[in-house]
Amino acid sequence: MRLALARPAAHPVSVAVAAAGWTPVDYPLTRIVSNGAPPPEPLHAFRAVLLLSPGSAWAVRPWLEPGAAALFLVQGQGTLDALGETVLAPRLAPVPTAEGIWDLLRRDFPEGGSFLLARAERSRGYLEEVTAGTPWKLRPWVTHHEEPAQPMPPLPTVEAVLALSPMQAELLGPHSRHLLRFGWGERTVFGFRKAGVEPTATCVPRLEALTAMLQDHLHAKADR
């Protein structure tokens, strides 16, 4: 069965789709646009830099100092992959969510401190809210935004779609009413619902969870 997603065949997410027994089909319906704004202070001035998405990691890379002196806390495997190998010993959140980053902050920096939060324009703002009035002081740095591809490419012939962000879910909704609709991360649920459809299933943004979800639905179909 063929599944459309906005990643090329060699990308780890597409590889995970193929490992589940599906055929990944690249469908670039959105693009990440860096706003080019420099960090408010040099990255090494903060105790750590928090990265919530691959888009943040891509946007941060041009600002890395020689030797990548800053410490990076990253939300998920995709963000870690996007950061690349130039950064030494980045720390991965135990759960690939903003809540997981918050847990990591409290565990590794119990005394608090000053942190740089690199985020998208439409970030849900959880970390800013939960750290307000606490010893963990976050300095937001809006690095990028996601926007629809122009013109929107026609959906290829597939049996399923995978939304990797709420915007992608919202864009895919009207064109996928007759298809299986999968979401990477809980926030894609809201994107599908905004478009008037329900997701078939969602998973936490972790490659092994994606593979398991897709395998379950492939096996369920085979058993019918």
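Reader: Before anything else, what is a salt bridge here?

Author: A salt bridge is a side-chain nitrogen of Lys or Arg within 4 Å of a carboxyl oxygen of Asp or Glu. Please keep in mind that this is a predicted model.

Reader: How many salt bridges does a search of the whole structure find?

Author: The search finds nine salt bridges. One of them pairs Glu-41 with Arg-139, whose closest N and O atoms are 3.1 Å apart.

Reader: Which parts does that pair tie together?

Author: Glu-41 sits in the loop between β3 (30-34) and β4 (48-51), while Arg-139 belongs to strand β8 (residues 136-148), so the bridge links parts that are 98 residues apart in sequence.

Reader: And why can such side chains pair at all?

Author: Side chains of opposite charge can pair when their charged atoms come close.

Reader: What is the relative accessibility of Glu-41?

Author: Glu-41 has a relative accessibility of 35%, so it counts as partly exposed. Arg-139 is also partly exposed, with a relative accessible area of 37%.

Reader: Moving on, which residue forms a salt bridge with Arg-91?

Author: Arg-91 is bridged to Asp-108, and the closest N and O atoms are 3.0 Å apart. Arg-91 lies in strand β6 (residues 91-92) and Asp-108 in helix α4 (residues 98-108), so this pair ties together parts that are 17 residues apart in sequence.

Reader: How accessible are those two?

Author: Arg-91 is partly exposed at 32% relative accessibility. Asp-108 is partly exposed as well, at 23%.

Reader: What about Arg-106, where is its partner?

Author: Arg-106 forms a salt bridge with Asp-103, with the closest N and O atoms 2.6 Å apart. Both residues lie in helix α4, three residues apart, which is about one turn of the helix.

Reader: Which residues do salt bridges with shared partners join into one network?

Author: That network consists of Arg-91, Arg-107 and Asp-108.

Reader: What does the side chain of Ser-165 reach?

Author: The Ser-165 side chain reaches the backbone nitrogen of Gln-168, at 3.1 Å.

Reader: Which residues does Ser-165 touch, not counting those up to four places away in sequence?

Author: With those neighbours left out, Ser-165 touches Glu-146 and Thr-188.

How values were computed:
Residues numbered from 1 in each chain as written. Predicted model: local features only at pLDDT ≥ 70, side-chain atom pairs only at ≥ 80, totals over all residues. Heavy atoms only, no water. Helix = DSSP H or I, 4+ residues; strand = E, 2+ residues; numbered from the N terminus. Buried < 20%, exposed > 50% of the residue type's maximum accessible area, 1.4 Å probe, protein only. Polar contact = N/O pair within 3.5 Å; in protein donor to acceptor, adjacent residues only side chain to side chain. Contact = heavy atoms within 4.5 Å.
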